[in-house]
Every structure is written in C-alpha cells, then in structure tokens.
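Good morning, and thank you for joining the group meeting. Please look at the sequence and the structure while I describe them.

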Amino acid sequence: MFEKIIKSLKKPSGKCFNHPNKDALSFCHACMRHYCEHCLIEGPKYYYCNADACLKLYSQEVDYSRTPRFCSQCLSETIDAPSGDIISVNLIGDKFVCENREECPTCGAVVLEKIGPILGRKGSYKVIWLNSDKSTFISRKLK
Ligand SMILES: [Zn+2]
Ligand SMILES: [Zn+2]
Ligand SMILES: [Zn+2]
C-alpha cells in the first residue's frame with residue numbers, strides 16, 4: 001500500500017503510453033511504461049497495465065496477497081525452519097500430530113508435533129493449512 005502511494009505521488013515522466021494526449025498517473029510495475037488512470041490496473045501493491053505479460057504478473061501478485069501468512073505474534077514465537085515434507089495418513093514418513101492447542105485467532109496457525117516413523121518426536125511447528133484437504137501448508141518451528 002505504502003509503496004503504491006509513493007509511486008502514484010512520484011511525478012510521472014510524461015504521458016500515457018496508450019494515450020499520448022493524457023497525462024500519466026503512474027507506471028506499470030512490470031514493463032515500467034507510464035499510463036493514465038484508465039490504462040492501469042490496481043494490484044494489492046503495484047499498478048499494472050493490461051499487456052499480457054504484465055497481467056500475468058498482476059495475477060501473481062493478487063494470488064500472493066491471498067496466501068495466508070503467519071501473524072507477527074506467531075512469527076515471534078517461531079524460527080524460519082520449515083518442517084519439510086509431511087506424508088499424509090497411512091503412509092510411512094513424517095507426520096503431524098495435533099498437540100491439542102488452540103488455533104491462533106489472528107492467522108489461524110495451529111501447533112503440531114512432527115513425528116517420524118523411527119525417531120519419533122521431531123519438534124513442534126506452527127502450521128497454517130493452505131487448503132481444506134490439508135495437503136499443502138506453511139510451517140515454522142517453535143522456539
Ligand atoms: Zn505493463
Ligand atoms: Zn491511457
Ligand atoms: Zn498467529
């Protein structure tokens with residue numbers, strides 16, 4: 001958000017790439033060409049134009065901004081050490097076992113214990129599931 005404000009305040013160098021008679025509002029974050037307000041698409045953080053390559057970056061930015069993330073409280077309780085691959089039910093491999101603690105009210109992270117088939121307990125992680133069938137997730141190791 002902040003970055004976008006800075007960019008829109010930044011004096012545009014001239015006119016819209018598509019409309020030579022219109023003043024540019026800002027520039028496309030992907031191709032860096034300047035455009036007027038009608039030609040720019042507002043992403044969560046940057047502006048983009050409607051060229052195919054730029055739209056692609058725009059949709060990546062939108063997807064990224066929708067991805068759940070750990071809140072600052074959860075970040076402060078953990079270190080950046082992802083759990084690695086976790087095998088889901090009925091297969092031999094590392095698994096997550098619920099430690100029966102409550103979900104973080106801010107980001108929805110749960111605390112899970114990683115259990116290996118041979119070595120047993122491998123530490124506790126904060127985990128946010130990225131989809132409802134729990135096949136993908138992000139994780140950080142508890143301090
Ligand atoms: Zn562009
Ligand atoms: Zn324009
Ligand atoms: Zn949290």
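I begin with C107, which counts as buried because its relative accessibility is 15%. Here, buried means under 20% relative accessible area, exposed means over 50%, and partly exposed lies in between, with a 1.4 Å probe and protein chains only.

Before going further, a note on the basis of these values. The model is predicted, so local features need pLDDT of at least 70 and side-chain atom pairs count only at pLDDT 80 or more, while totals for chains, interfaces and linings use all residues. Residues are numbered from 1 along each chain as its sequence is written, chains are lettered from A and ligands numbered from 1 in the order in which they are written, and side-chain values use heavy atoms, with hydrogens and water left out.

Donors are N, O and S atoms within 2.8 Å of the metal (3.2 Å for Na, K and Ca), and water is not among the atoms, so sites may look incomplete.

I turn to the zinc ion (ligand 2), which is coordinated by C16 (SG), H19 (ND1), C36 (SG) and C39 (SG) at 2.0 to 2.3 Å. This site is tetrahedral as well, with angles of 99 to 117° among its 4 donor atoms, and its donor residues follow the spacing C-x2-H-x16-C-x2-C. C16 is buried at 3% relative accessible area, whereas H19 is partly exposed at 28%.

C16, C36 and C39 also belong to the largest nonpolar core, which has 11 residues, including Y35, L40 and Y46. A second, separate core of 7 residues includes F70, C74, C107 and A109. A nonpolar core is a set of buried Ala, Val, Leu, Ile, Met, Phe, Trp, Tyr and Cys residues joined through side-chain atoms within 4.5 Å.

Next, the sheet. Its 5 strands form an open sheet in the order β5-β9-β8-β7-β6, with antiparallel pairing. The edge strands, β5 (78-79) and β6 (95-98), each pair on one side only. Strands are DSSP runs (E, at least two residues), numbered from the N terminus, and two of them pair if DSSP finds at least two bridges between them. Strands β7 (residues 110-116) and β8 (residues 120-129) are joined by 6 bridges, and V110 has V127 in β8 as its bridge partner.

Finally, the structure holds 5 salt bridges, each a side-chain nitrogen of Lys or Arg within 4 Å of a carboxyl oxygen of Asp or Glu. One of them links K114 and D94, with the closest N and O atoms 3.4 Å apart. K114 lies in strand β7 and D94 in the loop between β5 and β6, so the pair ties together parts that are 20 residues apart in sequence. Are these two residues buried or exposed? Both K114 and D94 are buried.

E113 and R121 meet in a salt bridge at 2.9 Å, N to O. E113 is buried at 6%, while R121 is exposed at 63%.

Note on methods: Helices (H or I, at least four residues) and strands (E, at least two) are DSSP runs, numbered from the N terminus. Four donors count as tetrahedral if all angles lie between 85 and 135 degrees; four count as square planar and six as octahedral if opposite donors are over 155 degrees apart and all others between 65 and 115; anything else is irregular.
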